Amino acid sequence: MSDTKSNNPVPNFYRASAEDFKKIPGSPIAYWVSNRILSLFDNPLIGDNFVGKEGVGTRNDNLFLRFFWEVSYIKIGREKRWILTDKAGDYRRWYMGCFYVMDWENDGHRIKNYRDEEGILKSRPQNIQYLFKEGITWGKVGSGKTSFRWRPVGFGFNDAAPTLFGKDIFSILPQLNSKLLAYLVAIKGETLNVTTGAITELPLLQNLVENYKLDFNKMASSIINISKTDWDSYETSWDFTTLPLVSPEYLTPTIEASYQKLRTHWQEMTKEMLSLEEENNKIFIEAYGLQDELTPDVPLSEITLTCNPHYRYDANKPEEELEGLLRTDTIKELISYAVGCMVGRYSLDTPGLILANQGETVDDYLSQIPQPSFKPDDDNIIPVLDDEYFTDDIVFRFKDFLKVVFGEKTLSQNLDYIAQALTGKSTSSPEKVIRDYFSRDFFKDHVQRYKKRPIYWMFSSGKQQGFNALVYMHRYNKTTLAKMRTDYLLELEAKLDAELTALNEDPVKNKARISKIKKQVDEMKTWDELLNNKALALIEIDLDDGVVVNYAKFEGLVRAI
């Protein structure tokens with residue numbers, strides 16, 4: 001290979017030696033590669049110092065994997081039914097926590113003995129001696145860009161999440177996430193299916209790693225800390241403790257001011273991570289004299305923080321639109337967190353999960369937090385209706401939540417801000433906007449946030465939305481449906497009948513409202529037949545079965561996922 005074209009007058013003609021191709025493992029025909037890049041392959045390979053392994057192949061993820069929020073919290077951990085496990089994921093560098101748990105009870109007995117009808121082992125319980133060890137992981141199936149992440153001690157890993165193991169694993173992460181390594185991966189032509197071999201056959205820039213070991217470890221630690229802080233700010237993180245928007249360092253009496261403080265912090269995080277990433281690239285590029293071939297610049301869209309709208313959304317959108325999307329989603333996250341507090345999953349008084357085990361009650365909550373500033377719902381049934389027919393109505397409870405967090409004096413101002421964030425415009429009826437969001441869009445957003453495995457179930461009479469109620473899956477018990485029917489559905493029917501009587505005093509003026517209520521009542525009566533039958537059946541659920549199996553038991557009563 002040569003850095004220059006030959007004297008042949010034919011345009012874009014290169015002269016290359018076949019022997020040069022052999023320096024690159026796999027011998028790809030990369031005739032454009034410069035001698036400087038080629039000389040990198042004179043270094044020891046990554047595989048000389050680190051071992052690359054693929055994890056457990058269950059061959060039936062629906063049976064053996066769950067999202068961690070589906071099962072009981074007390075059943076997750078080594079020596080328990082479920083272990084947190086890495087199953088790769090989206091493009092995200094440096095750190096990404098585990099969504100999944102894997103059935104590893106009795107040292108993986110069920111997976112190790114998963115066979116077909118003929119008794120032939122179907123699963124691949126491979127490399128189990130590497131379970132729970134610290135490593136650097138990435139997604140095997142990529143999309144043209146590979147992202148490497150640190151995985152701490154204590155996690156399992158799946159065959160979709162190949163992993164490097166070895167001593168001083170931290171020091172190699174900056175190299176793996178550098179532009180130089182991305183370029184070397186592209187040379188080998190393996191950007192779409194990045195196996196362990198594809199990485200272990202790349203050069204380990206050993207001298208550079210040795211010379212900069214302290215700097216690399218410090219750099220990796222700094223970037224991982226930023227990335228982990230960002231990851232743990234969202235409730236689908238295993239290490240989520242509280243919503244940043246309501247944490248003391250950002251909390252003010254108004255949501256608008258709180259958001260601005262938080263947004264400024266996010267911008268500082270993104271800027272710091274950008275600076276560290278570009279410094280990392282600069283070290284490798286300058287050390288090997290590659291300034292003419294690579295630049296250290298990193299586009300904002302590749303600063304993989306959820307709080308960075310250029311990464312989270314389509315970076316080609318105008319800045320104003322990106323900021324609007326981020327604000328809207330942050331307000332939706334506030335609403336989701338508020339619902340979590342309403343059902344007792346979270347508390348304003350204690351960080352982390354509170355009620356997260358099957359069949360827990362408000363008494364279990366009060367045993368942990370005897371005097372809560374915001375008490376969870378007593379019966380785990382929160383009506384989501386088009387008016388405030390019950391004292392535990394979801395909008396009523398949401399306003400209480402806002403009063404506790406931000407103060408009563410700014411309630412009206414905060415409701416206006418929330419409604420504006422949800423719709424993108426000012427409104428004279430913020431409570432109606434918020435009520436409509438709960439009725440129409442909250443569950444859809446919840447399903448998306450929880451990856452089609454919702455834990456807050458929307459029981460609904462149908463498209464007329466005569467009756468809707470949220471139930472937290474972990475607090476469900478076999479009497480929940482009967483209570484929903486007697487204390488809410490039948491009570492609401494009686495209230496609507498009374499409203500109809502009053503409206504019929506002026507049927508012309510109230511024609512539209514009368515028509516709507518009649519349709520709702522008819523729908524509710526039809527739905528009541530199924531609800532009553534299911535209530536009499538005293539349906540039990542088992543969280544170990546996961547959302548899909550349990551949700552199906554209530555078909556016709558709950559909104560479709």
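In this predicted model, D159 is buried, at a relative accessible area of 17% (buried is under 20% relative accessible area, exposed over 50% and partly exposed in between, with a 1.4 Å probe and protein chains only). Local features need pLDDT of at least 70 and side-chain atom pairs count only at pLDDT 80 or more, while totals for chains, interfaces and linings use all residues of the predicted model. Residues are numbered from 1 along each chain as its sequence is written, and side-chain values use heavy atoms, with hydrogens and water left out.

**Overall make-up**

- The protein chain has 20 helices and eleven strands; helices (H or I, at least four residues) and strands (E, at least two) are DSSP runs numbered from the N terminus.
- Along the principal axes, the C-alpha atoms of the protein chain fill a box of roughly 100 × 60 × 50 Å.
- Of the 561 residues in the protein chain, 53% are buried.
- Among contacts with a separation of 6 or more in the protein chain, 67% are between residues 24 or more positions apart; a contact means heavy atoms within 4.5 Å.

**Salt bridges**

- The structure holds 34 salt bridges, a salt bridge being a side-chain nitrogen of Lys or Arg within 4 Å of a carboxyl oxygen of Asp or Glu.
- D159 forms one of them with R59, with the closest N and O atoms 2.9 Å apart.
- This pair links distant parts of the chain, 100 residues apart: D159 is in the loop between strand 7 (156-157) and strand 8, and R59 is in the loop between strand 1 (51-53) and helix 4 (61-64).
- R59 counts as partly exposed because its relative accessibility is 41%.
- K112 and D107 meet through their side chains in a salt bridge of 2.9 Å, N to O.
- K112 is partly exposed, with a relative accessible area of 23%, and D107 is also partly exposed, at 48%.
- D378 and K375 form a salt bridge of 3.3 Å, N to O, between their side chains.
- D378 counts as exposed at 51% relative accessibility, whereas K375 counts as partly exposed at 37%.
- A network of salt bridges links K75, R81, D103, E105, R110 and D544.

- Four strands form an open sheet in the order 2-4-3-7, with mixed pairing; two strands pair if DSSP finds at least two bridges between them.
- Strand 2 and strand 7 stand at the edges with a single partner strand each, so one side of each has no neighbour in the sheet.
- Strand 3 and strand 4 run antiparallel and are joined by four bridges.
- W82 stands opposite D103 in strand 4, and D103 is also a member of the salt-bridge network that includes D544.

**Aromatic rings**

- The structure holds 35 aromatic pairs; rings of Phe, Tyr and Trp (its six-membered ring) pair if their centres lie within 6.5 Å, with planes under 30 degrees apart counted as stacked, over 60 as edge-to-face and the rest as tilted.
- The ring centres of W69 and F99 are 6.0 Å apart and the planes are at 75°, so this pair is edge-to-face.
- W69 counts as buried at 1% relative accessibility, as does F99 at 14%.
- Ring pairs join W69 and F99 into a cluster with F67, F68, Y73, Y100, W231, W238, Y450, Y456 and Y472.

**Charges over rings**

- R78 lies over the face of F132, 3.9 Å from the ring centre; a charge sits over a ring if NZ of Lys or CZ of Arg is within 6 Å of the ring centre and within 35 degrees of the ring normal.
- The charged end of K145 sits over the ring of Y91, at 5.0 Å from its centre.

**Surroundings of T163**

- T163 is in strand 8 (residues 163-165) and counts as buried at 0% relative accessibility.
- Leaving aside residues up to four places away in sequence, T163 touches V51, G52, K53, G135, I136, T137, W138, R151 and F157.
- The T163 side chain makes a polar contact of 3.5 Å with the side chain of T137; a polar contact is a pair of N or O atoms within 3.5 Å, where within protein one must be able to donate a hydrogen and the other to accept it, and residues adjacent in sequence count only if both atoms are side-chain atoms.
- The T163 side chain also makes a polar contact with the side chain of R151, at 3.0 Å.
- P203 is 40 residues from T163 along the chain, and their C-alpha atoms are separated by 17 Å.
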